[in-house]
Amino acid sequence: MEKIIIHWTAGAYTPNSVDLKHYHYLIDKNGRINNGIFKPEDNENCYDGKYAAHTGGGNTGAIGIAMCGMYGYSSANNRGGYPLTKIQCEALFSFAASIAKKYSIPIDANHIMTHYEFGLKNPKTTSAGKIDIVYLPPYPEIKTQEVGNFIRNKIKWYYNKL
Ligand SMILES: [Zn+2]
């Protein structure tokens, strides 16, 4: 496995049956990790139909981790719906660190990125224009262009504690 792509589901706070097919791991509101139907290794080959389709144009070799939530949330007034929680975000950072270690994935922008960042780098894929993750509700001071580095720095912090 070569990279980790980080998402939100745009759903409610727990994974539904569609989410479980599309991500390898899903983190609920309380920071609990749910295993998806497919294992990361199923994405070594994405030509057999048996893999987690989380990132259009970028599924091969990519581990998809999603935080459950963001349905109905309004970033304009930071309220409503299912905003990501702080405990959920911290659980993601910590869990991604353990996955990076397990698979020897470097913690840099070429190997660990948000779906949004992948879409920016790959404008001809169906991932172009994806908005996960352009803001983190628990950290409203982090600007869109800083979110990826903020996440990677958090992952590094947890990695160094492993
Ligand atoms: Zn996504």
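Proline 138 counts as partly exposed in this predicted model, because 14 other C-beta atoms lie within 10 Å, a number between the 12 or fewer of an exposed residue and the 20 or more of a buried one. You will find proline 138 in the loop between H3 and H4. Setting aside residues up to four places away in sequence, proline 138 touches Leu84, Thr85, Lys86 and Cys89. Glycine 58, by contrast, is 80 residues from proline 138 in sequence, and the two C-alpha atoms are 28 Å apart in space.

Now move to asparagine 122, which also has its place in the loop between H3 and H4. Asparagine 122 is partly exposed too, because it has 15 C-beta neighbours inside 10 Å. Its contacts, not counting residues up to four places away in sequence, are Gly57, Gly58, Ser127 and Ala128. Between the C-alpha atoms of asparagine 122 and glutamine 88 there are 28 Å, with 34 residues separating the pair along the chain.

Beyond its neighbours within four places in sequence, isoleucine 6 is in contact with Ile65, Leu92, Ala96, Thr114, His115, Ile133 and Ile151.

Conventions: Residues numbered from 1 in each chain as written. Predicted model: local features only at pLDDT ≥ 70, side-chain atom pairs only at ≥ 80, totals over all residues. Contact = placed C-beta atoms within 7 Å. Helix = DSSP H or I, 4+ residues; strand = E, 2+ residues; numbered from the N terminus.
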